[in-house]
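Here is a note for a colleague who is new to reading structures. Please keep the sequence and the 3D view open while going through the points.

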Amino acid sequence: MSSASAKIILFGEHAVVYGQPAIAVPVSALKAYAKVVSTDVEQFQIIARDLNDKIITFDEHEPLLRVVHLTLEHLGKTIPDIAIEVRSDIPIASGLGSGAAISTVIVRALADYFDFFLSDEIVNQIVFESEKLHHGTPSGIDNTVIVYEKAVYFVREQAIESIKIATPLKLLIGNTGRTALTKHAVGDVARLYKDKSTNTKQIVNQIGIISEKARVALENGDAELLGKLMNHNHRLLRDLTVSSDELDTLVKVATDAGAYGAKLSGGGRGGNMIALVSDEAQSIVEQALLDAGAVSVVSTILEATD
Ligand code: MEV
């Protein structure tokens, strides 16, 4: 069985599309899985357990099939008569990289079936292609953090850099329960970016500076500063119009309840927010998020690197 973790963007979403740095980490508490469950079916199919057992065949217009085609092309194989079962704990359209994680596990399940080794680099390329179908101009950060499954300091079209994390950090991921398509938010920011009468470019640049500062704060284990940078990053994302009332409420509630800082994470307009918390504040912030309407709160630890 192949598996892949969800991701959260700590700093820099949206600005990363315009060449600014961003920082993202995998979330191993939420995973997608795929395995070949039958080699004796009439035609290739993907059984999507979390979509009411939806069966996807090549008769459908389904972006996931692009992943299958690209993988088979790399493997030099024709479509096999197999059924691949896909399951996922990662909420869809919520900024946690569900699409990239599902694509990743399908690529790996196919490679395993043919007993073929695909390097992370190739898997990343294939998944990136499928991301383009979900939203036209992905930066590549989601597929990169998910395929390599490690914390990254990411700049579009540059070699991936790992980041040093000095001390373990605790994060809460609060789900607004509202789904939102990344492509809409990315498209709206693109329109603003082109419109010279707005200060969108400056906002994007400021977000890039925040990511740079956050990298240093992570290296120094400075949770207080990271929290402040998260709050500032959230305000700038709100200025980019990608927040929502629910996200703003959860961010405010988290900081009022004692989080070091909080921000939306991912495409925005819905989906998830993250809050950086101390051990002492964790349960209070978690309860405050739930009381304010979060449909779920997942905790994750950013482990220190060596
Ligand atoms: C989505 O998880 C992150 C965005 O920055 C889009 C992208 O980087 O492709 C909003």
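This is a predicted model: local features need pLDDT of at least 70, side-chain atom pairs count only at pLDDT 80 or more; totals for chains, interfaces and linings use all residues.

1. The chain is built with 9 helices and 11 strands. Its radius of gyration is 19 Å, close to the 19 Å that the globule rule gives for 306 residues, so the chain is as compact as a globular protein of that length. Along the principal axes, the C-alpha atoms fill a box of roughly 55 × 45 × 40 Å.

2. Where does the ligand sit? The ligand is found in the largest pocket, and the elements that contribute two or more residues to the shell around the ligand are strand S1 (2-11) and helix H4 (141-148).

3. There are 14 residues around the ligand, and those that come nearest are Lys 7, His 14, His 135, Ser 139 and Asp 142. Sorted by class, the shell consists of 5 nonpolar, 6 polar and 3 charged residues.

4. For Ser 139, an N or O atom in the side chain is 2.5 Å from an oxygen atom of the ligand, while for Lys 7 the distance from a side-chain N or O atom to a ligand oxygen is 2.9 Å.

5. How much of the ligand does the protein bury? Taken alone, the ligand exposes 300 Å², and the protein buries 98% of that area.

Note on methods:
Residues are numbered from 1 along each chain as its sequence is written. Side-chain values use heavy atoms; hydrogens and water are left out. A residue is near a molecule or strand if one of its heavy atoms lies within 4 Å of it. A polar contact is a pair of N or O atoms within 3.5 Å; within protein, one must be able to donate a hydrogen and the other to accept it, and residues adjacent in sequence count only if both atoms are side-chain atoms. Accessible areas come from the Shrake-Rupley method with a 1.4 Å probe; for residues, only the protein chains shown count as cover. On a 1 Å grid over the protein atoms alone, a cavity is a set of points where a 1.4 Å probe fits but cannot get out, and a pocket is an open set with protein on both sides within 12 Å along at least five of seven lines; lining residues have an atom within 4 Å of a point. A molecule sits in a cavity or pocket if more than half of its atoms lie within 2 Å of its grid points. Helices (H or I, at least four residues) and strands (E, at least two) are DSSP runs, numbered from the N terminus. Ala, Val, Leu, Ile, Met, Phe, Trp, Tyr, Cys and Pro count as nonpolar, Asp, Glu, Lys and Arg as charged, and the others, Gly among them, as polar. The radius of gyration is taken over C-alpha atoms; the globule rule is 2.2 Å times the number of residues to the power 0.38.
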